[in-house]
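Hi everyone, thanks for making time for this.

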Amino acid sequence: TYMKKFCMEEHGHLVVLAAFDCVDDTVLVKKALLSEIVSSLDELVGDPFGRKVLHYLLYPRDPRSFHPHVVAILAQGDANSTSKKDGRVRQSELREAVSEPLLEYVGNRAEELLRSKAGSLFIEVVLDQAAGDVLPAMEAVADVIGQAFDPKIHIVCDAVGHLAVKRLIKHDKERKNPPYFSQLLLSRLRRFTLRSWIATNRGAFVAASLLESHLDDVRVNVKKQLCAVEGKLKQQQSAGAAVLKKLLKISS
């Protein structure tokens, strides 16, 4: 469709973002724009400009994704004479319209998204900014990480995936209310899973992120499991294991 093409073009996607900023009739925007956008999620999530459109709907002008030059261009339309609705109201209505399908998409494509840098950042934005119940999508992500451990293919051993997991754990500090990702993740881990993780460098770094959680129950749980395998941890020579031993005050 033309809308999908607009969203995936360097200059065209800026026109779409400007429409989100300026058109007060959000019912019209939902019907004319968002319906086509939501039906093209596979293509848009896989495209750098398409992802920006989706990101903007959840978090307009997020400095993590939008260059100051682009923000400055879009800001020129803020004082237009035709927009009467409060921008925050407009943004909230659009966010609510796309949140459910985006959360569903993350839940259905969690593993695929976790294994790409762009996809993992998309997961973070959706879980952080979507309106409504994020729990099912967050559980789906935790389920992927809680899968049986195979160092050749497990997400915590993946070059991109382990960094994504660490960011999701650390982001709990920014959450004002449950659900907390680290708690969900621990509930998915099988017995001795952490013992398997610490035998790999990247897995050990993920375990360290859990050990540094701001949540007391997470820290206590992880510390108890790791202290139970202190002997195995002492044998590990990876950089990740060194971080764990330092946090646990274990001498090699």
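I'll begin with the overall picture and then visit a few spots one by one.

Before anything else, this is a predicted model, and local features need pLDDT of at least 70, side-chain atom pairs count only at pLDDT 80 or more, and totals for chains, interfaces and linings use all residues. Residues are numbered from 1 along each chain as its sequence is written, and side-chain values use heavy atoms, with hydrogens and water left out.

Okay, the overall picture. The protein chain has 17 helices and 0 strands. Those names come from DSSP runs: helices are H or I with at least four residues, strands are E with at least two, and they are numbered from the N terminus. The C-alpha trace spans about 70 × 30 × 30 Å along its principal axes. Of the 252 residues in the chain, 44% are buried. Buried means under 20% relative accessible area, exposed means over 50%, and partly exposed is in between, using a 1.4 Å probe and protein chains only. As for contacts, meaning heavy atoms within 4.5 Å, take those with a separation of 6 or more: 68% of them are between residues 24 or more positions apart.

Now, charges. Side chains of opposite charge can pair when their charged atoms come close. A salt bridge here is a side-chain nitrogen of Lys or Arg within 4 Å of a carboxyl oxygen of Asp or Glu. How many salt bridges does the structure hold? There are 16 of them.

Let me show you a few. Arg-167 and Glu-124 form a salt bridge at 2.4 Å, N to O. Arg-167 sits in helix H11 (residues 161-170) and Glu-124 in helix H9, so this pair ties together parts that are 43 residues apart in sequence. Arg-167 is partly exposed at 28%, whereas Glu-124 is buried at 14%. Another salt bridge joins Asp-86 and Arg-88 at 3.1 Å, N to O. There, Asp-86 is partly exposed, at 35%, and Arg-88 is exposed, at 66%. Then Arg-109 pairs with Glu-112, with the closest N and O atoms 3.7 Å apart. Asp-21, Arg-61 and Asp-78 are linked in a network of salt bridges.

What about a charged residue with no salt bridge? Have a look at Asp-47, in the loop between helix H4 (41-45) and helix H5 (48-58). Asp-47 is buried yet has no salt bridge, and the nearest side chain of opposite charge, Arg-51, is 6.9 Å away. For charge, Lys and Arg count as positive, Asp and Glu as negative, and His and the chain ends are not counted. A polar atom of the Asp-47 side chain does lie 3.0 Å from the backbone nitrogen of Phe-49. Leaving aside neighbours within four places in sequence, Asp-47 is in contact with Cys-7 and Met-8.

For contrast, here's Lys-84, in the loop between helix H6 (68-75) and helix H7 (87-108). Is Lys-84 buried or exposed? At 69% relative accessibility, Lys-84 counts as exposed. The Lys-84 side chain reaches the backbone oxygen of Ser-81 at 3.0 Å.

One more residue: Glu-139, in helix H10 (residues 135-145). Not counting residues up to four places away in sequence, Glu-139 touches Leu-184 and Arg-188. The C-alpha atoms of Glu-139 and Ser-187 are separated by 9.9 Å, though the two are 48 residues apart along the chain.

On a 1 Å grid over the protein atoms alone, a cavity is a set of points where a 1.4 Å probe fits but cannot get out, a pocket is an open set with protein on both sides within 12 Å along at least five of seven lines, and lining residues have an atom within 4 Å of a point. Grid points are joined across faces, edges and corners, and a volume is the space filled by probe spheres set on the points.

The largest pocket has a volume of about 300 Å³. Of the 13 residues lining this pocket, the closest to its centre are His-55, Ser-65, Leu-121, Phe-122 and Val-125. Which helix gives the largest share of that lining? H5 does, with 6 residues.

A search of the whole structure finds 2 cavities of 30 Å³ or more, and the largest cavity has a volume of about 80 Å³.

Key: A polar contact is a pair of N or O atoms within 3.5 Å; within protein, one must be able to donate a hydrogen and the other to accept it, and residues adjacent in sequence count only if both atoms are side-chain atoms.
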